[in-house]
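This briefing concerns the structure shown below.

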Amino acid sequence: MYIFKHKVSWFLASIASLVTVLTTSSESKSAVRLVELEQSPDRSTLLISSRQDGRLLELTNQQRASNGVAALRLSAQLGRAAQSHAEDMANRNFFSHTGSNGSRMSDRVNQAGYAWQAVGENIYMGTNATPRQAVTGWMNSTGHRQNILNSNYTEIGFGVATRGQNVYYVQVFGRPR
């Protein structure tokens with residue numbers, strides 16, 4: 001029993017250290033995506049987001065906190081919807097809330113399996129853009145700012161993709177049913 005507890009404690013400490021590194025690292029341009037790790041004994045899946053996701057979450061929640069709005073928590077399903085749209089825009093060299101196949105944000109969220117009562121989306125594209133530039137750009141735009149500060153949203157997912165020097169950022173907000 002002691003060995004099992006020690007291994008679990010070590011594993012949780014390692015994950016906490018990794019999450020700290022991911023969320024406090026500089027605004028790297030690497031696009032590490034979701035990584036699945038199997039955890040004993042129940043073999044549940046732990047999703048660890050990219051450095052950009054951690055930084056985007058931190059910056060978004062800082063804006064919410066400074067405006068008296070509760071923090072958002074990450075949703076893997078919203079992240080999949082956001083990532084698919086970021087990759088679509090980068091791969092096909094366009095910038096729009098409408099996907100290359102005519103999909104709307106709600107279509108992408110439904111396809112990711114997210115049961116929602118409210119959803120919203122912010123997109124941003126810039127040359128060598130950092131997460132801070134994306135969040136600043138959104139906060140300087142009335143509609144995007146309203147999404148970030150909307151207290152109805154409780155969860156968020158991010159997508160980041162690049163094409164040459166252009167970096168595409170997507171935030172998908174949600175409130176589950």
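Which residue follows H3, and is its phi positive or negative? The residue after H3 is Asn93, and its phi is positive, near 55°. The model discussed here is predicted.

**Helix H3**

- Helix H3 covers residues 76–92, and its 17 residues should span 24 Å at 1.5 Å a residue; the C-alpha atoms at its ends lie 24 Å apart, in agreement with that value.
- Where H3 starts, the backbone nitrogen of Gln77 has a side-chain oxygen of Ser75 within 3.4 Å.
- Buried residues of H3 include the alanines Ala81, Ala82, Ala86 and Ala90, and among the others are Gln83, His85 and Asp88.
- The cover over the buried residues of H3 includes helix H4 (105–111) and the strands S4, S5 and S6.

**The sheet**

- Four strands form an open sheet in the order S3-S5-S6-S4, and their pairing is mixed.
- Strands S3 (73–74) and S4 (116–127) are at the edges; each has a single partner strand, so one side of each has no neighbour in the sheet.
- S3 and strand S5 (residues 155–163) run parallel and are joined by two bridges.
- Arg73 has Glu155 in S5 as its bridge partner.

**Helices packed on the sheet**

- Helix H2 (residues 51–66) packs on the sheet and touches S3, S5 and strand S6 (166–176); the direction of H2 makes about 130° with that of S5.
- Helix H5 (residues 131–139) also packs on the sheet, where it touches S4 and S6; the direction of H5 makes about 120° with that of S4.

Terms used
Residues numbered from 1 in each chain as written. Predicted model: local features only at pLDDT ≥ 70, side-chain atom pairs only at ≥ 80, totals over all residues. Heavy atoms only, no water. Pairing = 2+ DSSP bridges. Contact = heavy atoms within 4.5 Å. Axes fitted to C-alpha atoms, helices over the stretch in contact; angles between N-to-C directions. Expected span 1.5 Å × (residues − 1). Buried < 20%, exposed > 50% of the residue type's maximum accessible area, 1.4 Å probe, protein only. Polar contact = N/O pair within 3.5 Å; in protein donor to acceptor, adjacent residues only side chain to side chain.
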